[in-house]
Amino acid sequence: MRFASLQLNNSTVLIPEQLSPTQDSSLLHPISYYKSFPLQPIGKSFKPNFQLLQVLQGKHLLIDEIPFPLLDLHAHYLNGFIHIEAGLQFKEGELTCIRCGSKRSFSSFSCARCKTKDCRYCRNCIVMGKVSSCSPLYSASASFQPKESSISLEWTGTLSSGQREASQAVTRAIKRNEDLLVWAVCGSGKTEVLFRGLEEALSQNKTICIATPRTDVVLELFPRFKKVFPSIDLSALYGGSSKDSSRFVISTTHQLIRYKEFFDVMIIDEVDAFPYNADSSLQYAVEKSRKKTSSLIYLTATPPKSMIRNRQNIVRIPARFHGFSLPIPSLTWIGNWRKKIEKEKLPSILIEWIQQQIDDRKPVLLFLPSIKLIDKITPLLNEYIQCEGVHSEDKDRVNKVMKFRNNELPVLLSSTILERGITIPNVSVAVIGAEDDVFTESALVQIAGRAGRSKDYPDGSVRFFHYGKTNDMIAAICHINDMNREADERGWLK
Ligand SMILES: [Zn+2]
Ligand SMILES: [Zn+2]
């Protein structure tokens, strides 16, 4: 869009081309031409449209995302109720997308809105609408008025000793607007640890976001929170969801780029998971979407070292909810297995181990380093045992995992996509080629964390088949041993 600069009641205001009294092209410029969009004083006699403010409060929206006429938006801007800024700005000498924080991947196009041949736009967040040199971003300061009358937590479960300690730490961090890392082993029940703190936050009218890098986790968490906070208007945000939002949202980290200084409580589940750990613009989105004074809580079983260093506030849950220790992976050398597979053969130790699990009536989950290897090994293994493979690009993934869950499929081969979040009672877990670079310490700890989760079958079997021990394999085993020792010392093991 182009704007003209006008003097109105002794102050400078910017006015969109469509509403401007002048249509002289030399006076109309893309929004990025102006150094800043002056904030207007509150118009005392102006009656704002609360529906419009509700759509814009704490948000960072493009004009196409706002279901109100430009004239209304402009009137709210003139009266100090909404703030406008250029979507692309120079920060420290570098072109920066103010919505997603990206400083690279820009392209140019011939733009009808600003009538230039080389209007630049951000490629990084293009899937959420184009932020270009002439795109204004609209926002209104957040002051949420909740519709609910009462907040009740409807949960009658009990917390384990470890969960109770973490729950108190979460509540304290929320009350004091502090940061906290909840380092909770796989199967410790980290979701329940949030309930009391969130009840407290809701009773104080705070805005809450539970963010996760993955849509599957949003879909899994949403019904769980809906069930325990039935009177609260809860929103699930992910690519393709409706954009309606409330004061309590469960969102993918991607969707947070549409927010600005909105949340009092920001909880990041699986902070070390892809793509959050690898994408600085998602980290920017999290920072931008929370208020300057707010609480930031990280939840994970495998925090990155950089997160543990320099952090004062950490609470650990070293024990699983059911009180049995974490299964320790065992290592088995299988020689040059890749060469064997090239010759269409499988290591016999591997076949024997899988057969043993089947004989013991255990479902078998096998992790492989790449999609190519899954495609190669699945037919070879199928000559012995019924099996299927899944990976991120597999459209039939949900179906195959469902068959595995329902015991209709004895063996499932997977990429690291299933390293988190899957719970199958009595499952035996193995990694083939554990020496591969994709199997970092945290990936191996998460994979081992799939076993023994159910209280009816707490001792699962975990095996790392390898062609040479790596530091990550050793570190993963030490990590799990340390947690078991700590849980034991605290008297939290059965
Ligand atoms: Zn962007
Ligand atoms: Zn343009």
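Helix axes are lines fitted to C-alpha atoms over the stretch in contact, and angles run from 0 to 180 degrees between N-to-C directions. Helices (H or I, at least four residues) and strands (E, at least two) are DSSP runs, numbered from the N terminus.

This is a predicted model, in which local features need pLDDT of at least 70, side-chain atom pairs count only at pLDDT 80 or more, and totals for chains, interfaces and linings use all residues. Residues are numbered from 1 along each chain as its sequence is written, while chains are lettered from A and ligands numbered from 1 in the order in which they are written.

**The whole chain**

The protein chain has 13 helices and 22 strands. Its C-alpha atoms fill a box of roughly 85 × 50 × 40 Å along the principal axes. Of its 494 residues, 44% count as buried. Buried means that 20 or more other C-beta atoms, placed from the backbone, lie within 10 Å of the residue's own; 12 or fewer means exposed, and in between is partly exposed.

Two residues are in contact if their C-beta atoms lie within 7 Å. Take contacts between residues at least 6 apart in sequence: 74% of them join residues at least 24 apart.

**Domains**

The bounds below come from an automatic or database domain assignment.

| Domain | Residues |
|---|---|
| Domain 1 | 2-139 |
| Domain 2 | 161-317 |
| Domain 3 | 330-489 |

The C-alpha centres of domain 1 and domain 2 are 31 Å apart. Domain 1 gives 12 residues to their contact, and domain 2 gives 10 residues. On the domain 1 side, 4 are nonpolar, 6 polar and 2 charged. Here Ala, Val, Leu, Ile, Met, Phe, Trp, Tyr, Cys and Pro count as nonpolar, Asp, Glu, Lys and Arg as charged, and the others, Gly among them, as polar.

**Helix 3 and helix 4**

Helix 3 (residues 161-176) packs with helix 4 (residues 195-203) at about 25°, and their axes are 7 Å apart. So helix 3 is roughly parallel to helix 4. Angles under 35 degrees count as roughly parallel, over 145 as roughly antiparallel, 65 to 115 as roughly perpendicular and the rest as oblique. From helix 3, the contact uses Ser 167, Val 170, Thr 171, Ile 174 and Lys 175. From helix 4, it uses Arg 196, Gly 197, Glu 200 and Ala 201. These residues divide into 3 nonpolar, 3 polar and 3 charged.

**Helix 6**

Helix 6 (residues 280-289) is largely enclosed by the rest of the structure, because 7 of its 10 residues are buried. Among them are Leu 282, Tyr 284 and Lys 288. The buried residues of helix 6 pack against strand 11 (208-212), strand 14 (263-269) and strand 15 (290-300).
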